[in-house]
Each structure stands twice: as structure tokens, then as C-alpha cells.
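This report goes through a few features of one protein chain. Please look over the sequence and the structure before reading on.

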Amino acid sequence: MKETVKTKRRSFKHLVPPVDLAGRIERSTRMDRPIHVLAKAVRRRLGPGRLRDLLHGVPTGKPLHPPLVTVSLGCWVATAVLDLTHADPRAARAVLTTGIATALPAAAAGITDWSALHREQQRVGFVHAIANVTALGLYAGSLALRIAGDDRRGRLLSFAALGAAGLGGQLGGHLAYRQAAGANHAESVAHLVPLGWHDLCELKDLPDGRPVSRRLGYIDLFVLRVGEGVTVLADGCSHLAGPLHQGRLISEDGSACVVCPWHGSTFRLSDGTVAHGPATAPQPSFETRVRRDGVLQVRPAPD
């Protein structure tokens with residue numbers, strides 16, 4: 001029995017830990033200069049407006065990049081299956097062409113999202129983009145070879161492209177699941193705040209016309225008093241948790257809004273909905289009332 005335990009311990013000692021490629025990229029500063037230049041150029045080129053909001057996914061309330069990428073990757077995997085089964089070459093060409101065509105808007109949405117991320121996220125996203133651009137170039141070359149009648153070399157190029165796309169997908173998964181790029185950072189407050197009204201602070205303690213942060217249980221709140229009226233939202237921006245109480249107050253199409261100081265996401269004060277991205281998820285909002293003794297009470301607004 002002792003010998004068995006010793007053998008197991010020796011075997012565990014020789015286990016090689018997985019190579020944390022994404023983690024190394026995330027910590028590397030070598031690409032920071034081109035990343036800064038490219039991200040700034042993308043933001044300047046797009047500017048605030050409908051096109052940028054569309055590419056972020058503001059109109060649908062969900063990021064646009066992931067579903068577009070899913071279509072492209074699905075087409076490219078289907079191409080590999082068709083090639084391995086020696087199916088009709090015309091079918092493989094049609095599916096491959098669809099994947100290439102949908103990759104272009106996916107790339108546009110992706111680089112728009114990438115330009116408004118933190119630097120560590122941008123490092124991983126930069127290599128993710130390089131891998132995907134490499135895959136797209138290889139797939140374009142494969143399609144050209146197939147059209148020219150060289151299906152054998154076209155298939156080989158497609159398999160190489162799938163490898164590059166797989167690396168890009170792995171880094172994209174790290175961005176989404178480890179670094180939470182594109183996730184909603186304004187967590188739903190329904191399970192964090194019990195039902196009913198909750199005392200927050202005295203109304204007289206709030207400055208008039210200037211937003212401040214107040215704590216309610218486990219969450220920070222954006223609180224703005226204007227006269228006797230009070231607006232309360234979750235303070236952490238849904239994009240990347242920026243402090244909304246430090247943001248600017250503006251008017252957008254007649255609606256009072258707050259602009260996140262980190263990446264410029266704009267939310268309507270009336271209900272927390274998104275006026276402009278990069279955020280796509282709304283800010284949780286709260287109903288308010290003032291007791292006779294001047295204490296401000298809040299409760300989560302119904303969805």
C-alpha cells in the first residue's frame with residue numbers, strides 16, 4: 001500500500017502544467033505601443049454615433065461580435081468536414097465563401113469592442129485578431145486555389161487556416177470567460193438586495209446636482225439629487241465596472257444621461273437604458289421615496 005502511494009506521488013510530480021499562453025500575452029508589455037496607436041485610431045475613425053453603437057450591439061442589447069463569429073467558425077468547421085468526407089467541391093466552396101463573407105463584419109464589430117477594453121484585455125485581443133486575420137488570409141487563398149481547380153492544395157490550406165482560427169478562438173474564450181470582456185459588469189441586483197424598501201441616507205446629506213456614491217449592502221449605488229427628486233442606479237458601469245458617479249451629466253435627445261468616465265458608455269438616468277456604447281447591458285435602476293423624517297429609501301425597480 002505504501003509503495004502504491006509513493007508511486008502515485010512520483011507520477012504527480014512529473015505532471016507538466018499546461019502552458020498559460022493567454023496569461024503570458026496578458027502580462028506582456030511588448031505590444032503596448034502598436035496597441036495604443038491602433039486603438040486610438042479606431043476610436044478616432046469611428047467616433048461616437050450610430051455606426052459605433054451598431055457595431056457594439058447597442059440596438060439589440062447584446063454584443064454583436066460573438067454571434068457573427070459563430071457563423072464564420074461554423075462555416076469553416078463545416079468546410080473541413082466536407083473536405084474530409086470528399087463531398088461535392090461546390091458545396092465546400094459555397095460554405096467557405098459564406099464563412100469569409102461573414103468574417104468581415106465580425107472583424108469590424110470585434111475591433112470596435114477591442115478598442116474600448118482595458119490594456120490587459122487589449123493585449124490578448126491583439127493576438128486574437130492576428131490569429132484570425134491569418135486564418136482569413138489562408139481561407140481566402142484556399143478559395144482562390146479551389147476556384148482555379150487545385151482542390152487538393154486548397155483543402156490543405158483550409159486545414160492550416162482552421163488551426164489559426166482555433167488559436168484565435170482559444171484566445172477569444174480567454175477574453176470572454178477569464179477576462180470578462182463583453183460580459184455584463186452591472187450584476188443583477190435582484191438577488192443582492194432583499195425585497196422591500198431600504199433606508200439609504202438622509203436626503204439633506206446629498207449634494208444638489210452632483211452625483212455621489214452610496215453603499216447599500218453589497219453594492220455601490222450612483223445617487224443624484226436634483227431638488228427634491230433623486231435618481232439611483234447601480235454605480236458600476238455594465239461595460240467594465242467604471243464608477244458612474246465620477247462621470248459627466250449630459251442631455252441626449254432631451255433625456256438626462258450619465259457618461260462613464262472610463263470608456264464613454266452613456267446611460268439614461270430615467271431607467272438606466274443604454275444611449276451609447278460600448279456598453280450594451282442597461283444599468284440596474286432603483287425606485288426612490290423620502291420618508292416624513294427625510295430619510296431616502298430605495299428598492300430595485302421591476303424589470
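A crossing of two helices is called left-handed if the near helix is turned anticlockwise from the far one by less than a right angle, and right-handed if clockwise. The model described here is a predicted one.

## Helices α5 and α6

Two packed helices are described by the angle between their axes and the distance between the axes. Helix α5 covers residues 65-84 and helix α6 covers residues 89-114. The two pack at an angle of about 155°, and their axes are 8 Å apart. Angles over 145 degrees count as roughly antiparallel, and α5 and α6 are therefore roughly antiparallel to each other.

The crossing in which α5 passes α6 is left-handed. Sorted by class, the residues in the contact of α5 with α6 are 16 nonpolar, seven polar and two charged.

## Regions annotated in UniProt

An unreviewed UniProt entry lists residues 94-112 and residues 124-145 under "transmembrane region".

In the model, residues 94-112 are 100% helix and 0% strand, with the end C-alpha atoms 28 Å apart. Residues 124-145 are likewise 100% helix and 0% strand; the end C-alpha atoms of residues 124-145 lie 32 Å apart.

## Glutamine 283

Glutamine 283 sits in the loop between β8 (274-276) and β9 (285-290). Its relative accessible area is 2%; buried means under 20%, so glutamine 283 is buried.

Beyond its neighbours within four places in sequence, glutamine 283 is in contact with several residues, including Ala186, Phe267, Asp271 and Gly272. Also among them are Leu233, Ala234, Asp235, Gly236, Cys237, Ser238 and Leu244.

Note on methods. Residues are numbered from 1 along each chain as its sequence is written. This is a predicted model: local features need pLDDT of at least 70, side-chain atom pairs count only at pLDDT 80 or more; totals for chains, interfaces and linings use all residues. Side-chain values use heavy atoms; hydrogens and water are left out. Axes are lines fitted to C-alpha atoms, for helices over the stretch in contact, and angles run from 0 to 180 degrees between N-to-C directions. Helices (H or I, at least four residues) and strands (E, at least two) are DSSP runs, numbered from the N terminus. Angles under 35 degrees count as roughly parallel, over 145 as roughly antiparallel, 65 to 115 as roughly perpendicular and the rest as oblique. Ala, Val, Leu, Ile, Met, Phe, Trp, Tyr, Cys and Pro count as nonpolar, Asp, Glu, Lys and Arg as charged, and the others, Gly among them, as polar. Buried means under 20% relative accessible area, exposed over 50%, partly exposed in between (1.4 Å probe, protein chains only). Contact means heavy atoms within 4.5 Å. UniProt positions are given in the numbering used here, feature names are shortened, and annotations may be inferred rather than shown by experiment.
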